[in-house]
Amino acid sequence: MIQSSLSCRFLTIALCDAAEPWQLGSQDAATPMMQGIIDLHHDIFFFLILILVFVSRMLVRALWHFNEQTNPIPQRIVHGTTIEIIRTIFPSVILLFIAIPSFALLYSMDGVLVDPAITIKAIGHQWRASTQPYEYSDYNSSDEQSLTFDSYTIPEDDPELGQSRLLEVDNRVVVPAKTHLRMIVTPADVPHSWAVPSSGVKCDAVPGRSNLTSISVQREGVYYGQCSEIRGTNHAFTPIVVEAVTLKDYADWVSNQLILQTN
């Protein structure tokens, strides 16, 4: 009874953060990290527009004044102290305005800056490309085993209403919203990459080591990603689905999973 009620709750049609046809921009931000990436993109794009306007004006002016019909004998300028100072200082100031926020963003993305409430471990497999094992290290069943499950891809000929083709899985990674999480990503064989665009996370899994990243999903919803490392057969069939729920629903889900694992 508990399992059926939770299945109806977590597998119903929900607002999805997934790629759309002909999408040009980024997906809506679900974490402060992704919001910082989008803001930095907009800031850099502003400077790119300024550079485009300035360079375009210089090119048009050069074509106009150094045209043979307009100006048969152009003035030969070989040196200008003022313009050389301007073209040296101006790009330096632009780079400074870009570097300061980008360094702050890189620092916030590097490692775990806040003590996490939950630790989740994702393990990549090459020859089990349609599945992604997960381990919730903070919860143990009665036999002292961590909460673990496999997340299998839903076959493209067997999706339910509202499920995305080749992006849906049978067991989603359920996390509480507005909670600091620590993701440990490691492979069992070859390199992998755990990526969820809406959260701004793309953590590579390198053989022989475990990489860490932090996530703090700020709103409830379903977020889709894929393994972003080309690693051989069935590379395109390793979806990642993260569902953010309320803390109460998360506690119910963990309790149900522990009961199922014990039985």
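By class, how many nonpolar, polar and charged residues does the lining of the largest cavity have?

Tutor: The lining of the largest cavity has 11 nonpolar residues, one polar residue and no charged residues. In this count, Ala, Val, Leu, Ile, Met, Phe, Trp, Tyr, Cys and Pro are nonpolar, Asp, Glu, Lys and Arg are charged, and the others, Gly among them, are polar. The model is predicted, so local features need pLDDT of at least 70 and side-chain atom pairs count only at pLDDT 80 or more, whereas totals for chains, interfaces and linings use all residues. Residues are numbered from 1 along each chain as its sequence is written, and side-chain values use heavy atoms, with hydrogens and water left out.

A cavity here is a set of points, on a 1 Å grid over the protein atoms alone, where a 1.4 Å probe fits but cannot get out; its lining residues have an atom within 4 Å of a point. Grid points are joined across faces, edges and corners, and the volume is the space filled by probe spheres set on the points. The whole structure holds four cavities of 30 Å³ or more, and the largest has a volume of about 70 Å³. Its lining consists of Ile 120, Val 173, Val 175, Leu 181, Met 183, Trp 194, Val 196, Ser 199, Ile 215, Val 217, Tyr 223 and Val 242. At least two of the lining residues come from each of β5 (173–176), β6 (181–187) and β7 (192–196). Strands are DSSP runs of E with at least two residues, helices are runs of H or I with at least four, and both are numbered from the N terminus. The chain has 11 strands and four helices.

Trp 194, one of the lining residues, also belongs to the largest nonpolar core, where Trp 194 and Tyr 136 have the most contacts among 31 residues. Such a core is a set of buried Ala, Val, Leu, Ile, Met, Phe, Trp, Tyr and Cys residues joined through side-chain atoms within 4.5 Å. Buried means under 20% relative accessible area, exposed means over 50%, and partly exposed lies in between (1.4 Å probe, protein chains only). Leaving out residues up to four places away in sequence, Tyr 136 touches Ile 120 and Val 173, among others including Phe 149, Tyr 250 and Trp 253; contact means heavy atoms within 4.5 Å. Both Ile 120 and Val 173 are in the cavity lining. A second, separate core has six residues, including Ala 18, Leu 167, Val 169 and Val 241. In soluble globular proteins, nonpolar side chains tend to be buried together.

The loop between β6 and β7 contains Ala 188. Ala 188 counts as partly exposed because its relative accessible area is 47%. Beyond its neighbours within four places in sequence, Ala 188 is in contact with Ile 123, Gly 124 and His 125. Ala 188 and Ile 123 are 65 residues apart in sequence, yet their C-alpha atoms are 6.5 Å apart.

Thr 153 lies in the loop between β4 (146–152) and β5. Thr 153 counts as buried because its relative accessible area is 16%.

Over the chain, 36% of the 263 residues are buried. Of the contacts with a separation of 6 or more, 64% join residues 24 or more positions apart.

Technical notes. On a 1 Å grid over the protein atoms alone, a cavity is a set of points where a 1.4 Å probe fits but cannot get out, and a pocket is an open set with protein on both sides within 12 Å along at least five of seven lines; lining residues have an atom within 4 Å of a point.
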